[in-house]
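Welcome! Take a moment to look over the sequence and the 3D view, and then we can walk through a few features together.

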Amino acid sequence: MNDPQIGWIAAIIVGGLAGWLAEMFMKSGTGILMNIILGIVGAALANWLLALVGVSLGGGWISYLVAGFIGACIIIFLWRAIRGR
């Protein structure tokens, strides 16, 4: 499991799952590519925001999934607020 390609594959799979869960929770109609992007960017955003307040989710796939879900929900919420829906 020391192969760097495994990390990217896991990020895509877990990011896609997190984005899909956020899509279902927020009832947005995004596609699979957007779900992956939302999950990966959302995880980075959530980790950054949580680090500002001193919270660490730890490492591993479950914490990445939780961070991706939280971040994707934030991104979807902000996008809706900006667009005025």
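## A nonpolar patch and its surroundings

In this predicted model, Trp48, Leu49, Leu52, Val53, Val55, Leu57, Ile62, Val66 and Ile70 make a nonpolar surface patch of about 820 Å².

Val66 sits in helix H3, and its relative accessible area is 36%. That value makes Val66 partly exposed, because partly exposed covers the range between buried, under 20%, and exposed, over 50%.

Now let us turn to helix H2. Helix H2 covers residues 32–52, 21 residues in total. The buried residues of H2 are Asn35, Ile36, Leu38, Gly39, Gly42, Ala43 and Ala46. Just after H2 comes Gly54, which takes a positive phi of about 85°.

Finally, have a look at the largest pocket. Its lining has 12 residues, and those nearest its centre are Ser28, Thr30, Ile76, Trp79 and Arg83. At least two lining residues come from each of H2 and H3, and H3 gives the most, with 5 residues.

Here are the sizes of the two surface features:

| Feature | Size |
|---|---|
| Nonpolar surface patch | about 820 Å² |
| Largest pocket | about 230 Å³ |

Technical notes: Residues numbered from 1 in each chain as written. Predicted model: local features only at pLDDT ≥ 70, side-chain atom pairs only at ≥ 80, totals over all residues. Heavy atoms only, no water. Helix = DSSP H or I, 4+ residues; strand = E, 2+ residues; numbered from the N terminus. Expected span 1.5 Å × (residues − 1). Buried < 20%, exposed > 50% of the residue type's maximum accessible area, 1.4 Å probe, protein only. Patch = residues over 30% accessible without salt bridge, like charges linked within 9 Å, V, L, I, M, F, W, Y side chains within 5 Å. Areas by Shrake-Rupley, 256 points an atom, 1.4 Å probe, with all protein chains shown as cover. Salt bridge = Lys/Arg side-chain N within 4 Å of Asp/Glu carboxyl O. 1 Å grid on protein atoms, 1.4 Å probe; cavity = no way out; pocket = protein on both sides within 12 Å on 5 of 7 lines; lining within 4 Å. Points joined across faces, edges and corners; volume = space filled by probe spheres on them.
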